[in-house]
Amino acid sequence: MNGLLGFAKGSLREVTHGGRAYKAWVAALLAMIALGVVAYANQLSAGLIATNMRDEVSWAFYIGNFTFLVGVAAAAVLLVIPAYVYQWKPIKEVVVLGELLAISALVMCLLFILVDMGRPDRFLHIMPFFGTPNWPASMLTWDALVLHLYLFLNLGLVLYLLVKTYRGEPYDKRIFLPLVLLSIPVSISTHTVTAFLYNGMAARPYWNASILAPRFIASAFCSGPAVMIILFQILRRTNKLPIKDEAIFKIAELMSYAMFLNLFLLGAELFKEYYSATEHLLYTQYFWQGIGEHRTLVPYAWFSLACSVAAFVLFLIPKTRANYRTLNLGCVLIWAGVYIEKGMGLIIPGFTPSTLGQIYPYTPTATEWGIAVGVFGIGFLVFTVLVKISVPILVGTFRAPGRAVQPAPEGTAHPAH
Amino acid sequence: MNDRKSLPVVADDGPADPSRRSFMRTASAGAAIAAVSACGVDVEDVLRSHFKELTPDQLKRVLAKVERRNKERFGKDTKVSATGAREGVEFGYGLDISRCVGCRRCVYACVKENNPSREHPQIHWIQVLEMDKAHGVDLTHADLYYDAEAVPRPGKFYFPVQCQQCRNPPCVKACPTQATWKEKDGIVVIDYDWCIGCRCCMSACPYGARHMNWAAPTLPAEELNPNQHYLGNRPRPKGVVEKCTFCVQRTREGRYPACVEICPVGARKFGNLLDPESEIRKVMDTKRVFIFKEELATHPQFYYFYAT
């Protein structure tokens, strides 16, 4: 019990202490969260009419963000595979950071589902024992199941690893390894089931293509690692985390393959739609060309494609992927490209035209933007706090009393920020 | 999935294990009460069982509560029933495309009967599409918002769409909480007190038949229809989905749906598919019917035909 208290106190100290940049970052996140809370209070009292969703486009910005973030959550852990295959030295760090990112992304996923519900007060109705989940027929019950499984698996793994390291004890490979290996198929299943949520709806031809789940996985393999590459660089600088350049460049190389696959699958889908040119072409057309005067999404579609292609080229050429300036530019481009593609670019054309052929041009309201900013604020804050506690444990500066790897002199126990 | 048990008025329609659920519900009561009473939500609603698990006594209390709430909300006495499906009845609907003139009287008769929100959001369970004769039934040339001086307009025909009461309903499959189901007489119903407003059903429905209460419904007290069914036209709360129920409050009492009754050209036919003498069976025997979006295999109980 004493140890736990010490751990809590130490964690609190880690979280509340930091340089000016850290404090400014946390303050910015808190401001984002405050904005989100105000916007959500407005939505709660007015109802979802505070959004621009209507019967024709009944899922939109929230669900788009949810879908993108499931990809981020899934792919973060997938980095574990190359970490093992290429035997990167700081494998424990890669695993922990991937899982922390997954946890934060999952928190945001669940929040985006919550703010999208018409009756959040009835959330118990979907829970086993408390409610009447329509399992196994309903894909949303499956999604809730795998997302929670993945969340708790990651939480358990991280906690186990951190507590062991904090105490200065070696972790048991017989517990750790099987759980890490289990988290890989579970991470793939979260994104697959999320794809099936849309994929299974015969009423929406834009989603009702078997290529959807593979495309989800391919794009996730780009967006998740893009975050990790940026993160590794920051942590290397602030916490002396021993991550080698080669590891980062290898991730970038793998991302270029994933992006190639993603673009190839997109091409296959576009070919099928445009060449066969059935009535189902309309939805694809709405995204890429617009229908009549309805062209809301067209600039986004081409911008997203340009970002993805540019990032692919940057990551494919060894010279540009080994240059941090072009590498980081590529990461930002991938984020922008996949965010549009898996967000609004997936959801809105699914509903436009509607099942009765009507076009409702959707754009998010200020309330929707505000709530999304708030959710991202919460997610980033969760991630920041988790990283702030974990990294000192991993590099050995935050340990149980008497267990420190290299006892540092008073006052310099924490890395300078 | 499709042959789910019917209404709880039939005594032996119990759940597999209601006691376990009610135990869990009691166990969670403390936390739930703390969580929801802060938001002004009725605790009894949160801890209630699924509609199909209610005992006759509980159902009576639930219905009385709906009437009490109606009184509070509209200052009017209402009669809320939960009449179950009748044995040997399976409803079928026929719509004669060659007769329909696109006057939308059915749309407004439905509004008057079924207590939907009048504006912000305006909810219509029947959507009449104006289509080009040159294209046939083609949704890319369909206009839902036609504004005509007089109907029918030259070169146009009209194609009304409402819930098709599918035998294989994609909405029921998609619902994560079993808040919507198909009854024995074929009507797909929603328990507005069980719906969580996730709108999976709206994504799944190929007919645009499901409508969301994006805000608290606006329904003037003087326009409230006091004859209500729990699974049909009782006033809805904010944030839940609703749809056509073939006027369950009327048809289970042996009356026509409001849209059938109002149609000035007799384009709408309704009856028991299991009764060879019924109007709908006459249509099916003497005319050739088709169903909307047959490639999706939803197997509607709603048929379109061309009588002339």
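Housekeeping comes before that. This is a predicted model: local features need pLDDT of at least 70, side-chain atom pairs count only at pLDDT 80 or more, and totals for chains, interfaces and linings use all residues. Residues are numbered from 1 along each chain as its sequence is written, while chains are lettered from A and ligands numbered from 1 in the order in which they are written.

The interface. 39 residues of chain A are in contact with 50 residues of chain B (C-beta atoms, placed from the backbone, within 7 Å). On the chain A side, helix α6, residues 139-166, gives the largest share, three residues. Helices here are DSSP runs of H or I, at least four residues, and strands are runs of E, at least two, numbered from the N terminus.

Now helix α13 of chain A, residues 324-342. It has 19 residues and reaches 26 Å from first C-alpha to last, close to the expected 27 Å (1.5 Å times one less than its number of residues). Its buried residues include A:Leu327, A:Cys331, A:Ile334 and A:Lys342. Buried means 20 or more other C-beta atoms within 10 Å of the residue's own, all placed from the backbone. What covers them includes α3, α8 and α9 of chain A.

Last, strand β12 of chain B, residues 302-305. It pairs with β2(B) in the parallel sense over four bridges; pairing takes at least two DSSP bridges. There, B:Gly94 has B:Tyr303 as its bridge partner. With β11(B), the sense is antiparallel, over two bridges. B:Val289 partners B:Phe305.

Methods
Two residues are in contact if their C-beta atoms, placed from the backbone, lie within 7 Å. A residue is buried if 20 or more other C-beta atoms lie within 10 Å of its own, exposed if 12 or fewer, and partly exposed in between; C-beta atoms are placed from the backbone.
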